[in-house]
Each structure stands twice: as C-alpha cells, then as structure tokens.
Amino acid sequence: MDRFPFIVIEGLDGSGKTTLRKGLFRLLENLYGVTPLAVLTTNWLDPAVAADLAEGKYAPSPANRDRYLAALAADKRATVERLITPSLPVRPVIADRWLLSELAFFHVKHSQEPQRTYEELAAAIDLVPDLTLILDAETSTSMERAASRAAGDSVRADWDVDHVQTTVRDTYRAVTADPASFPKIGPTARIDASQSRAAVLADAWTALLERDLTPNLAGSPR
C-alpha cells in the first residue's frame, strides 16, 4: 500500500469492539511510530444536520427516518473528507462501526432493507475500508457482557434485547455474505468474540497480515 490502512471494527454491543480498538490502536502506534486516528460511526462534523442526527439516533420514527438517513450520509461524507482521507497518508485510521451498523439499525428500527440504506450512504462516500473486522459471538454472550458494563453504558430496553440483537447479527451475516451487492463495505474478516481479549487481538492481527495491512520494518506503509 502507498498509504496507511483504514480499518473498521463492527459487532454487537458487548462484543468487545472498544477493547479491540484500543488494542489495535496501541499495537499500530508502537509498530508504526505514529498515533492512529480513531473515529466513530457518527462524528457530528456537519452542523447543518446535527439536529437530525440527534433526533434520528435517539428517537427514531417514521417521520424522521429519511432525514436521519440523509444526515448520516452527510456526516459520513464530512468524516471521510475532513478526517479519514487527510489522515491516511500519515497515520492509520480505526473506525468503531461504519456502514454495517447503519444497515442493521435501519433494518431493525424501520424495517428497511439493507440495500436501500446502503444505496443512500454509499452514494455519499468514495472511500472503501481496507478491512472490516466483525466480532461475532452468540447473542446471549454479547448481551451478558453489555449488561455488565458501567452505568454510563447501560443497556437500552429497545435495543439490547435478544430478538433485536439477533436481527442485527443476522443482518451483518446477510450483508457480508453478498459482497457484490455491498462493495463499499470492503473486505471483511469474522472473529470469534467469545475468545479471550488476547486471542481476539491475535486473530485481528492475523487478518491484517493476510491482507498485507501491517507495517514493514521501516515503520512505513507497505
């Protein structure tokens, strides 16, 4: 590669996304000798759509569905243009969720087919992740972990429930099983999230190695 990698981490709540992001952050920082950039699925970079982002995210309804989807597209466009693209020549970028989570959200909350959501979001961005790491485990395992989090990260009655999280997991699987229909998801690697933290990080590193997304000995992009 002639630039640093853009890596996405996806998975159910409680699957260990934050833990893996922190592990990869430290690992890449030490190996490359530069501090990676960490971004979120929503970065609130376009003030014009901030109200629609907040309403659609925390109080989704049929009335705000399309405005929220358009706001997400605007926010992702701004994130790519203002954060990710300028960073890749000088540092790795790690995203905590990106496209898959949005497809699942709209499928669960609005019964909207993933292809419809994808078309709107994909039209707004021209950057494809180098790799999306999907932390996968039984829904019961992720829910148990989510329930054990600190009070500030407490479970949500309308989201962190078995049937919803099962649908989210099923959506992830359906989308990644059809890469030709969702090309801007990019290449994916599924990791068993029920393993120890060290084993998950090792599997993620192996996935990066297999795709030539690791630093060479000089600490520069391959």
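What pLDDT does the protein average, and what share of the residues score at least 70? The average is a pLDDT of 90, and 89% of the residues score at least 70, where pLDDT is the predictor's confidence in each residue, from 0 to 100.

This is a predicted model, in which local features need pLDDT of at least 70 and side-chain atom pairs count only at pLDDT 80 or more, while totals for chains, interfaces and linings use all residues. Residues are numbered from 1 along each chain as its sequence is written, and side-chain values use heavy atoms, with hydrogens and water left out.

**View 1. Confidence along the protein.** Confidence is lowest in helix H6 (residues 139–147), at a mean of 65, and highest in strand S1 (residues 6–11), at 98. Helices (H or I, at least four residues) and strands (E, at least two) are DSSP runs, numbered from the N terminus.

**View 2. The sheet.** Five strands form an open sheet of 5 strands in the order S2-S3-S1-S4-S5, with parallel pairing, two strands being paired if DSSP finds at least two bridges between them. Strand S2 (37–40) and strand S5 (188–192) stand at the edges with a single partner strand each, so one side of each is left without a neighbour in the sheet. On average, neighbouring strands of this sheet are turned by 20° against each other, direction ignored; the axes are lines fitted to C-alpha atoms, for helices over the stretch in contact, and angles run from 0 to 180 degrees between N-to-C directions.

**View 3. Strand S2 and Leu37.** S2 pairs with strand S3 (residues 93–96) in the parallel sense over 4 bridges, and Val39 stands opposite Ala95 in S3. Leu37 also lies in strand S2, and its C-alpha atom is separated by 6.9 Å from that of Arg91, 54 residues apart along the chain. Leaving aside neighbours within four places in sequence, Leu37 is in contact (heavy atoms within 4.5 Å) with residues including Leu83, Ser87 and Arg91.

**View 4. The loop at Pro183.** Pro183 lies in the loop between helix H7 (162–176) and S5. Leaving aside neighbours within four places in sequence, Pro183 is in contact with Tyr118 and Val128; Pro183 and Tyr118 are 65 residues apart in sequence and 9.7 Å apart in space, C-alpha to C-alpha.
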